[in-house]
Amino acid sequence: MGPDGEAATEAGTGTGTGAEAGTTVDAEWIALPPGLLRVRRLLLVVWLGLLTLATGLVPGLLAGPGWAAFAVLPLALLVWGWVMLKRNWRSWRYAERSDDLLISRGVLWRQETVVPYGRMQLVEVTSGPLERHFGLASVQLHTAAAATDATIPGLDPAEAERLRDRLTELGEARSAGL
């Protein structure tokens, strides 16, 4: 564990042993690419930047320059959000094991989802307009139990398609014996 409670990774590759999350050692963790962090930070700056301008200009023009100090609140929220987005982004990772896919996320409340390949019913790759503009895609896994559906956001489209094809192939191979 790092000093801020996050799992340590090896030499910036985003992979670890999996032992820090209490899983088996055969899991090679893959971190999300930095494009997702850039998109989320851009959205944060756009929305809170506009809010900062509004809370500074409107009271400042209508009630006097002293009231423009209210712009400090959304500005502080922007700084706090900038740091928290990085922590959240660093907490997301996934690992392909022989029988299942692990997805781990969360800073304060760690959540680890295990999706057995044989239980997958649908694997889809989605990419909205903003994601497409920044070259990102998400992989969503659907199982029979709605509570176990899982998503891996912010992947490179080629990696998302590779993962979809691999998971579909493994799911078909594992479900054939049911």
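The questions below go through the labels, with the cut-off behind each.

User: What should I know before reading the values?

Analyst: This is a predicted model, where local features need pLDDT of at least 70, side-chain atom pairs count only at pLDDT 80 or more, and totals for chains, interfaces and linings use all residues. Residues are numbered from 1 along each chain as its sequence is written, and side-chain values use heavy atoms, with hydrogens and water left out.

User: How many helices and strands are in the chain?

Analyst: The chain has four helices and seven strands. Helices are DSSP runs of H or I with at least four residues; strands are runs of E with at least two, and both are numbered from the N terminus. In sequence order the pattern reads β-α-α-β-β-β-β-α-β-β-α.

User: Why is helix 1 called roughly antiparallel to helix 2?

Analyst: Helix 1 (residues 35-63) and helix 2 (residues 72-91) pack at about 170°, with axes 9 Å apart. Angles run from 0 to 180 degrees between N-to-C directions, and axes are lines fitted to C-alpha atoms, for helices over the stretch in contact. Under 35 degrees is roughly parallel, over 145 roughly antiparallel, 65 to 115 roughly perpendicular, and the rest oblique. The angle therefore makes the two helices roughly antiparallel.

User: Which residues make that contact?

Analyst: Contact means heavy atoms within 4.5 Å. Helix 1 supplies residues including Leu-44, Leu-48 and Thr-52, and helix 2 supplies residues including Leu-78, Trp-82 and Trp-89. The contact residues divide into 13 nonpolar, five polar and three charged. Here Ala, Val, Leu, Ile, Met, Phe, Trp, Tyr, Cys and Pro count as nonpolar, Asp, Glu, Lys and Arg as charged, and the others, Gly among them, as polar.

User: Does Thr-52 count as buried or exposed, and why?

Analyst: Thr-52 has 15% relative accessibility, so Thr-52 counts as buried. Buried means under 20% relative accessible area, exposed over 50%, and partly exposed in between (1.4 Å probe, protein chains only). Leaving out residues up to four places away in sequence, Thr-52 touches Ala-71, Pro-74 and Leu-75.

User: What makes strand 5 and strand 7 edge strands?

Analyst: Three strands form an open, antiparallel sheet in the order 5-6-7. Strand 5 (120-126) and strand 7 (150-155) each have a single partner strand, so one side of each is left without a neighbour in the sheet.

User: How do you know that strand 6 and strand 7 pair?

Analyst: Two strands pair if DSSP finds at least two bridges between them. Strand 6 (residues 137-143) and strand 7 have four bridges, in the antiparallel sense. Gln-140 stands opposite Thr-151 in strand 7.
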